[in-house]
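Student: I have the structure open and want to go through it bit by bit. Can we begin with the charged residues?

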Amino acid sequence: MDGAGSGSRQDAEVAVVGAGLCGVAAVVALRRAGVHGVVVLERSGRLGGTWRDNTYPGCGCDVPSMLYEYSFAPHPWSRCFAGRSEILGYLETTAARYGVDEAIRYDTEVTRADWEPDAHRWILETTTGTYTARALVVATGSWHRPRVPDIPGLDAFPGPSFHSARWDHDVDLTGRRVSVVGTGASTVQFLPEIQPVAAHVDVFQSTPQWVLPKPDFPLSPGLHRFLGRHPAARRALRGLHHRTQEAISVPLRRPRLLRPLEAVARLHLRASVADRELRRALSPGYRLGARRLITSDTYYPALTRPNVRLRPTRAAAVEGSHVIGADGTRTRADVIVLATGYHVGDMPLARRLHGTGGVPLARKWSDDRRAYLGTSVSGYPNLFLLIGPNVLSGTTAVPTVLEAQLRYITAALTHLRTGGHAALDVRPEVEESHHEALREALRTTVYSTDASGYYFGLPGVNTFSWPWSTARLLRRLHSFAPDAYTWTPPGGPPAQVRRAGDASPAPGPLRP
């Protein structure tokens, strides 16, 4: 397929939006399933997604490295928990090895996507031309739009200020007074990196975090040589990591079992922080797991250093060169770093993506984001989401779910092709039944105990968490269920749908 120039129109079998962890895997999976007319539309000039965009000091993975890799591309990770640059390098190397680069159209942002019912295709308007595709896969991820707080006076701050997700490396923090707003996962990673060089760091904490120990250590070349010679040993080690993550997730689904895990976190705090007042300020008042799980062996020690002060209050305003806490304290700052997280699960493309009847996905999702198995949305034919709503738990590694979704999607596309169908659309009653069961199951988990927490992408609505075991999700995604969908025959009117299994002529472009 030729590159699309301005004003041109290019046809693809499947269009993938986003060239991060999900987009790269999607190309490999689709090609292996016999779908070769794949194009990836990437708004940036480089692949990598969140690992390209997040460059703050200390940025890295919070699940074991061996779980943060594709099953088809094992990697000799340098550490138990890989850093950002190594993960980005892994994605680039894997993309080059599998020829993914040739499918990517860089600097191409999707400005509008419409389902064309007569042609049974998606029409994608982009900054470099128009594309059409039989199927559309959204691989934009959940961690790409920074959450910037509305702090009065911040715009008039005389020094540099930036969000941790858009770290300004031109700002030298050496010898500067730095005010950090927020104590989430990013702060936990970058504070130990900036503390040794800054003159002073004030950390504004509106809500303390539960922090578990992080067993991070180098993985030697000798170990990798051994694992390379004994693949079964590597699989066993990977399985051990997976079972450990799953074991931690059990009490998150059954909060009555949380006390031992919370005791581990409290012991970690006590062993790391001698000062009783500081420990009190760092002790959460909610159950472990209600917000994003955080692991670190360096965050607490950094907070105890003489040039670091925890401000257990919200940053309420900025007046000149001072940050004003909600408790009235005034702190002078040379630099302000906003570490206030992301609009988790927010998908900007939803405002530009129009399904049956021209309804934007954002309108359908205005009061709740829902998708059948986090993958299919009723009213949006031949559309598939990767890491959509409610498919991750507090401990699940993204690649595990991602590859299961891709197996499901490729099975759906194969059924679309071999069954002689023009389009598939998840039945609204199936989507609704799944959604009701999910909401009921979430009600008894720890994920629903703090409505202001990380998992609530909309007010009062948990749009992130899968309330059952990862094994259950993998089983649900393992077998594609044709009866969950309606099927449109080629050439038939858009409203004419039929159940899978009815005979019809072969369709066209989705071919091996």
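Tutor: Start with R112, which is partly exposed at a relative accessible area of 37%. Buried means under 20% relative accessible area, exposed means over 50%, and partly exposed lies in between, with a 1.4 Å probe and protein chains only.

Student: What kind of model am I looking at?

Tutor: A predicted one: local features need pLDDT of at least 70 and side-chain atom pairs count only at pLDDT 80 or more, while totals for chains, interfaces and linings use all residues. Residues are numbered from 1 along each chain as its sequence is written, and side-chain values use heavy atoms, with hydrogens and water left out.

Student: Back to R112. Which residue does R112 form a salt bridge with?

Tutor: R112 pairs with D114, and the closest N and O atoms are 2.7 Å apart. A salt bridge here is a side-chain nitrogen of Lys or Arg within 4 Å of a carboxyl oxygen of Asp or Glu.

Student: How many salt bridges are there in the whole structure?

Tutor: The search finds 26. Side chains of opposite charge can pair when their charged atoms come close.

Student: What does D216 pair with?

Tutor: D216 forms a salt bridge with R79, at 3.2 Å between the closest N and O atoms. These two come from distant parts of the chain, 137 residues apart: D216 lies in the loop between β10 (211-212) and α5 (221-229), and R79 in the loop between α2 (50-53) and α3 (84-97). Helices (H or I, at least four residues) and strands (E, at least two) are DSSP runs, numbered from the N terminus.

Student: How accessible is D216, and how accessible is R79?

Tutor: D216 is partly exposed, with 29% relative accessibility. R79 is also partly exposed, with 31%.

Student: And K364, what does its side chain meet?

Tutor: E431, in a salt bridge of 3.2 Å from N to O. This pair also links distant parts of the chain, K364 sitting in helix α10 (residues 361-364) and E431 in helix α12 (residues 428-442), 67 residues apart.

Student: Is E431 buried or exposed?

Tutor: E431 counts as buried because its relative accessibility is 4%. K364 is at 27%, so K364 counts as partly exposed.

Student: Which residues are linked in a network of salt bridges?

Tutor: R145, D346, R351 and R369.

Student: Is β8 mostly covered or open?

Tutor: Mostly covered: four of the five residues in β8 (residues 177-181) are buried. On one pairing, five bridges join β8 to β9 (residues 200-204), running parallel, with V178 partnered by V201 and S179 by D202. The chain gets from β8 to β9 through helix α4 (residues 185-194), in a right-handed β-α-β crossover. Right-handed means that, with the strands pointing away from the viewer, the path from the first strand over the helix to the second runs clockwise.

Student: How many bridges join β8 to β16?

Tutor: Four, and β16 (residues 335-338) runs parallel to β8. In that pairing V181 stands opposite L338.

Student: What about the sheet with β13, which way does it pair?

Tutor: Antiparallel: three strands form an open sheet in the order β13-β14-β15. The edges are β13 (315-319) and β15 (330-332), each pairing on one side only. Neighbouring strands here are turned by 30° against each other on average, direction ignored. β14 (residues 322-325) and β15 pair over three bridges, and H322 stands opposite R332.

Student: Last topic, the whole chain. How many helices and strands?

Tutor: 13 helices and 20 strands. Of the 512 residues, 56% are buried, and the C-alpha atoms fill a box of roughly 75 × 50 × 45 Å along the principal axes.

Technical notes:
Pairing = 2+ DSSP bridges. Axes fitted to C-alpha atoms, helices over the stretch in contact; angles between N-to-C directions.
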